[in-house]
Amino acid sequence: MKTKRGLRKIWMILFLALLFTTIESMPFCQRFFHSATVTLAPASSTDGQQNQPEVDPSQATATNQQKQTDSLLQAAEKLRQSYYYDEALALLQAWPDVSDPTITAECARLEAAKAALVKYDGPVYHIFFHSLIADTAKAFDGDPMAQNYNLWMTTVNEFKKMLPQFYQRNYILYNMNDLITVDSQGKVTKRDIYLPPGKIPLIISIDDVNYYDYMQKDGFAKRVEAGEDGGIYTVVTDKDGNDILTRDGDVMPILDDFVAEHPDFSYRGAKGVIALTGYEGALGYRITDLSGAELRAAILKAKAAANALKNNGWLFACHSYTHNQYFKNLTITQNQLISDTERWKQYIQPITGETDIYISPFGMRFTNNDPRYRYIVAEGFHIFCPVERSTNTVWHEDNIIMPRINIDGYAMTHAQEYLNEHFFNVDEVIDPDRPVQ
């Protein structure tokens, strides 16, 4: 009997070690198992201790097994909340004592939730922001840039007020790459979307997450950093002139924290898309201006930040290298476009990794048969995103064109009725620190 119990204990230890080593190495679980892992209760010991009360070994074993089962169920629940039904089921069904009534009941609940998903045939909403204004006093100080910020930017306080309203209106963050499949010939096929009844897929993108030099003294974050905990932090300058790490200096950490509190706001860990140019580096690191040891250090930090973002559900997009005016008026030549794209792939793609998303500068749009657009698609960018107040995604054989809706001071002033109808109540959101337009 003791031999069987000992073998069972050894089996459980080996099982857990193998299972959680495997699961925690999977990208989708890195965001969930940090705070919910099955913990093995330490073996009891009386070394160096006197007058310890005697414990019934069978009772101690039962207690340890219950703790392990409870931890397992907590881990499965964390996965369920973010719609990782198959992963949660696999976790539970691999447990040695799968006949445990609590595990059986949880498996049934997961199967029911999975079966309740329905095919979504409505529009996919795509909204976008620029980097957020963290200090309105510096941004709206009356200098030549203040009016541009007032038109095209959103404040931290506004974004924080929008999120609960997106959530209350049943939007759910969705991974843009899960909209399509691309075969070896470059042919694009539309993928079905299955969601809980009533949910509406939402894609959020953020343009120019480069923290340009002109923004440095105007109340924006300075760069993004990877934290030791695997999270994303923003470096901002406080009122005393000190650079500090915060969790609310831009869209990414704010959204990460909101999803942590409301995991059902994100379908399978999706967050959003970060659009980068290249002429002033990436994510606040001036990798295109530095050299030698400074460059190597900046590249390491930029890659660490990019990897942390990807591990937390973020995607990257090309936003061109130069963001030159010739994009805006469509006078860019084929050779200029080739040079621009090659530089982005040379300098920025090593930081972000490959992407098939191209977010157009100034929201411009090519026709599908334009040779310049054919070049963009041939370079592997199968998702092209201009700016239009529309949810009409256009499907072509080898690409899709998905318009994005700007959320900024201009929209809140000139498209209030539209925003009220679809996204949030502008009067409840708009920052009183904004100058009157």
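Modeller: Gladly, and please keep in mind that this is a predicted model. We could begin with T136, which lies in helix α6, a helix that covers residues 136–139.

Biologist: Is T136 buried or exposed?

Modeller: T136 has a relative accessibility of 16%, and because buried means under 20% relative accessible area, T136 counts as buried.

Biologist: And what is T136 in contact with, apart from its neighbours within four places in sequence?

Modeller: Leaving those neighbours aside, T136 is in contact with T155, D431 and D433.

Biologist: Switching to helices, at what angle do α8 and α9 pack?

Modeller: Helix α8, residues 156–168, and helix α9, residues 251–261, pack at an angle of about 35°, and their axes are 11 Å apart. The crossing of α8 and α9 is right-handed.

Biologist: Which residues meet there?

Modeller: On the α8 side they are V156, F159, K160, L163, P164 and Y167, and these meet V251, I254, L255 and F258 in α9. By type, the residues of this contact of α8 with α9 divide into 9 nonpolar, no polar and 1 charged.

Biologist: How many residues of α9 are buried?

Modeller: In α9, 8 of the 11 residues are buried, so this helix is largely enclosed by the rest of the structure. The buried residues of α9 are V251, M252, P253, I254, L255, D256, F258 and V259.

Biologist: What about backbone angles, say the phi of Y83?

Modeller: Phi of Y83 is near 70°, which is a positive value in a residue other than glycine. Y83 is placed in the loop between α3 (57–81) and α4 (85–93), and Y83 is buried, with a relative accessible area of 7%.

Biologist: And where does S320 lie?

Modeller: S320 lies in the loop between β12 (315–318) and α11 (325–328). S320 has a positive phi of about 75° although it is not a glycine, and at 0% relative accessibility S320 counts as buried.

Biologist: Last topic, then: how many cavities of 30 Å³ or more does the structure hold?

Modeller: The structure holds 1 cavity of 30 Å³ or more, and about 40 Å³ of space lies in the largest cavity.

Biologist: Which residues line the largest cavity?

Modeller: The largest cavity is lined by Y174, N175, M176, I203, A270, K271, G272, V273, G313 and L315. Sorted by type, the residues of that lining divide into 6 nonpolar, 3 polar and 1 charged.

Technical notes:
Residues numbered from 1 in each chain as written. Predicted model: local features only at pLDDT ≥ 70, side-chain atom pairs only at ≥ 80, totals over all residues. Heavy atoms only, no water. Axes fitted to C-alpha atoms, helices over the stretch in contact; angles between N-to-C directions. Helix = DSSP H or I, 4+ residues; strand = E, 2+ residues; numbered from the N terminus. Left-handed = near helix turned anticlockwise from the far one by under 90°. Contact = heavy atoms within 4.5 Å. Nonpolar A, V, L, I, M, F, W, Y, C, P; charged D, E, K, R; others polar. Buried < 20%, exposed > 50% of the residue type's maximum accessible area, 1.4 Å probe, protein only. 1 Å grid on protein atoms, 1.4 Å probe; cavity = no way out; pocket = protein on both sides within 12 Å on 5 of 7 lines; lining within 4 Å. Points joined across faces, edges and corners; volume = space filled by probe spheres on them.
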